[in-house]
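Please look over the sequence and the structure shown below, and keep both at hand while reading. The report that follows takes one topic at a time.

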Amino acid sequence: MCGRYVSTRSPQELAPLFQVPDIPAKETLAPNWNVAPTSDVWAVLERAPRGEEDTDAVRRELRPLRWGLVPSWAKDTKVGARMINARVETVHEKPAYRRAFTRRRCLLPADGFFEWEQIKDPASGKARKQPYFIHPEDEQVMALAGLYEYWRDPTVQQDDDPDAWLMTCTIITTEATDAAGRVHPRMPLALTPDHYDAWLDPGHQDADELRALLGQPAEGHLQARPVSTAVNNVRNNGPQLLDTLNE
């Protein structure tokens with residue numbers, strides 16, 4: 001799974017990387033070295049304004065979404081904390097994800113992600129989980145493959161009230177390889193820049209073609225380094241979380 005990641009780049013940095021024409025003026029997110037489920041995260045997506053189905057109205061946006069997908073039919077938002085990942089093997093079939101996979105795909109920019117390896121503590125002899133920071137060798141931004149969904153809050157009466165709608169997202173994962181595979185059996189999927197347009201296009205709905213666009217983050221050129229267990233606490237944040245652990 002992908003349960004924590006790092007996203008520190010600003011909208012000014014992300015917009016040109018993903019060919020987003022307008023930088024968000026009102027919305028901003030602080031750099032986050034410990035992105036946890038239910039956090040607000042930057043997402044790149046293409047959609048038409050509400051009420052406009054004309055494909056000519058589709059525009060690319062950079063906007064914050066809440067991590068943890070809440071299906072439109074969910075009774076409340078609590079389910080989102082358990083739906084931070086969607087398995088690529090079944091994402092096009094599962095009721096919670098298949099509609100979003102067809103028309104509501106996004107990219108989630110990341111500097112890297114954390115995974116935990118079960119190891120034996122040499123001092124105590126007990127099993128413990130050692131966190132690793134996994135990131136591209138060249139330090140370039142990762143475009144994690146995601147889906148997004150709308151959830152209508154039934155307690156808000158007016159449809160045009162901004163509080164009436166919650167937008168959430170999930171990260172698509174696969175079997176891990178390379179550096180990530182030595183730490184954990186699952187890893188997030190990513191896209192290369194030449195596949196951004198096809199993935200984000202809501203008019204592109206062929207499941208097999210869409211799944212063929214997905215690949216290993218940084219094309220498998222990843223590094224994994226052990227870091228402090230401070231990352232285990234969601235309240236901890238800052239660049240020190242990425243420091244290599246002196247074992």
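## Cysteines without a disulfide

A search of the whole structure, which is a predicted model, finds zero disulfides. A disulfide is a covalent bond between the sulfur atoms of two cysteines, and the distances between the cysteine sulfurs can be followed residue by residue. For Cys-2, the closest cysteine sulfur is that of Cys-169 at 11 Å, which is too far for a bond. Cys-106 is likewise in no disulfide, and the nearest cysteine sulfur to its own, again that of Cys-169, is 5.5 Å away, whereas a disulfide would call for two sulfur atoms within 2.5 Å.

Are these cysteines buried or exposed? Cys-2 has a relative accessible area of 0%, so it is buried, and Cys-106, with a relative accessibility of 0%, counts as buried too.

## The five-stranded sheet

Five strands form an open sheet in the order S2-S1-S7-S8-S12, and their pairing is antiparallel. Strand S2, residues 32-35, and strand S12, residues 222-226, stand at the edges with a single partner strand each, and therefore one side of each has no neighbour in the sheet. On average, and with direction ignored, neighbouring strands of this sheet are turned by 30 degrees against each other.

Within this sheet, strand S7 (residues 112-120) and strand S8 (residues 127-136) are joined in the antiparallel sense over eight bridges, and Lys-120 has Ala-127 of S8 standing opposite. Strands of a sheet pair through backbone hydrogen bonds, either parallel or antiparallel. His-135 is also found in strand S8, and because its relative accessible area is 1%, His-135 is buried. Although His-135 and Arg-225 are 90 residues apart in sequence, their C-alpha atoms are 8.9 Å apart in space.

## Strand S3 and its partners

How many of the eight residues of strand S3 are buried? Seven of them are, so that the strand, which covers residues 40-47, is mostly covered. S3 pairs with strand S4 (residues 59-67) in the antiparallel sense over eight bridges, and in this pairing Ala-43 stands opposite Arg-63 in S4.

S3 also pairs with strand S6 (residues 105-110), again in the antiparallel sense, over two bridges. Here Val-44 stands opposite Leu-107 in S6. In a regular strand the side chains alternate between the two faces of the sheet.

## Two residues with positive phi

Most residues other than glycine have a negative phi, and most peptide bonds are trans. Against that background, Glu-139 has a phi near 65 degrees, a positive value in a residue other than glycine. Glu-139 lies in the loop between S8 and strand S9, which spans 142-152, and with a relative accessible area of 45% it is partly exposed.

Ala-218 is another residue other than glycine with a positive phi, in this case near 55 degrees. The loop that holds Ala-218 runs between helix H5 (207-212) and S12, and Ala-218 is partly exposed, its relative accessible area being 28%.

## A pocket and a cavity

Rolling a probe the size of a water molecule over the atoms shows where empty space is left. The second largest pocket holds about 370 Å³ of space. Of the 22 residues that line this pocket, Val-141, Leu-191, Thr-192, Pro-193 and Ala-218 are the closest to its centre. By class, the lining of the second largest pocket is made up of 14 nonpolar, six polar and two charged residues.

The count of cavities of 30 Å³ or more comes to one, and the space in the largest cavity is about 40 Å³. Which residues line the largest cavity? The lining consists of Pro-71, Ser-72, Trp-73, Pro-95, Ala-96, Arg-99 and Glu-149, and by class it has four nonpolar, one polar and two charged residues.

## The segment after S12

Leu-242 has its place in the segment after S12. With a relative accessibility of 15%, Leu-242 counts as buried, since the cut-off for this class is under 20%. The C-alpha atoms of Leu-242 and Asn-232, which are 10 residues apart along the chain, are separated by 12 Å.

Methods:
Residues numbered from 1 in each chain as written. Predicted model: local features only at pLDDT ≥ 70, side-chain atom pairs only at ≥ 80, totals over all residues. Heavy atoms only, no water. Pairing = 2+ DSSP bridges. Helix = DSSP H or I, 4+ residues; strand = E, 2+ residues; numbered from the N terminus. Axes fitted to C-alpha atoms, helices over the stretch in contact; angles between N-to-C directions. 1 Å grid on protein atoms, 1.4 Å probe; cavity = no way out; pocket = protein on both sides within 12 Å on 5 of 7 lines; lining within 4 Å. Points joined across faces, edges and corners; volume = space filled by probe spheres on them. Nonpolar A, V, L, I, M, F, W, Y, C, P; charged D, E, K, R; others polar. Buried < 20%, exposed > 50% of the residue type's maximum accessible area, 1.4 Å probe, protein only.
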